[in-house]
Amino acid sequence: MRVNHHRPPAVYTVTDAPLPLSDDIGHRQRRYLVSMAVRTVCFVGAVLAAVAGAPLWAVILLIVGALFLPYIAVVFANGGREPTPSATFGDPIGREQKSVSGQRPEIGS
């Protein structure tokens, strides 16, 4: 006995395509550089705060930031490609379309 399951062909859209790898790498590089800039500010701030006689908790907080931000930055930079939502033609949320009445309330007609 042969069972013939009829499956409709898969439909792919251009909007389902992920971002180019070069865009993803550029995004991760920028995020890493921003994290390292914040780390540098923490390090310089810790030195300046210690010299200026700031409270000990502020100096320790800046040192902790300067120590742990590299680890966090590397983890985020190596996190892989960003997930992209896929486009759907259906109405998955169940919102109804506005009725076409000829009036446009957004411009006051």
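Helix α2 (residues 56–77) comprises 22 residues and spans 32 Å from its first C-alpha to its last, close to the 32 Å expected at 1.5 Å a residue; the expected span is taken as 1.5 Å times one less than the number of residues. Helices are DSSP runs (H or I, at least four residues), strands likewise (E, at least two), numbered from the N terminus. The model is predicted, so that local features require pLDDT of at least 70 and side-chain atom pairs pLDDT 80 or more, whereas totals for chains, interfaces and linings use all residues. Residues are numbered from 1 along each chain as its sequence is written, and side-chain values use heavy atoms, with hydrogens and water left out.

The protein chain contains two helices and zero strands. Of its 109 residues, 15% are buried, a term denoting under 20% relative accessible area, with exposed meaning over 50% and partly exposed in between (1.4 Å probe, protein chains only). The chain exposes about 9700 Å², of which carbon and sulfur atoms supply 66%; accessible areas were computed by the Shrake-Rupley method with a 1.4 Å probe, and for residues only the protein chains shown count as cover. Among contacts (heavy atoms within 4.5 Å) between residues at least 6 apart in sequence, 73% join residues at least 24 apart.

Within α2, a kink of about 35° is located at Phe 68, shortly before the proline Pro 70. The bend is the angle between axes fitted to the seven residues ending at a residue and the seven starting there. The buried residues of α2 are Ala 58, Val 59, Gly 65, Ala 66, Leu 69, Ala 73 and Ala 77, and their cover includes α1.

On α1 (residues 21–52), Ser 35 is buried, with a relative accessible area of 19%. Beyond its neighbours within four places in sequence, Ser 35 contacts Leu 69 and Ala 73. The C-alpha atoms of Ser 35 and Phe 76, 41 residues apart along the chain, are separated by 9.7 Å.

A nonpolar surface patch is formed by Leu 56, Ile 60, Ile 63, Val 64, Leu 67, Phe 68, Tyr 71, Ile 72, Val 75 and Phe 76, together providing about 1000 Å² of accessible area. Patches consist of residues with over 30% relative accessible area and no salt bridge, like charges being joined within 9 Å and nonpolar side chains (Val, Leu, Ile, Met, Phe, Trp, Tyr) within 5 Å; a salt bridge places a side-chain nitrogen of Lys or Arg within 4 Å of a carboxyl oxygen of Asp or Glu. Ile 60, in helix α2, counts as partly exposed at 44% relative accessibility.
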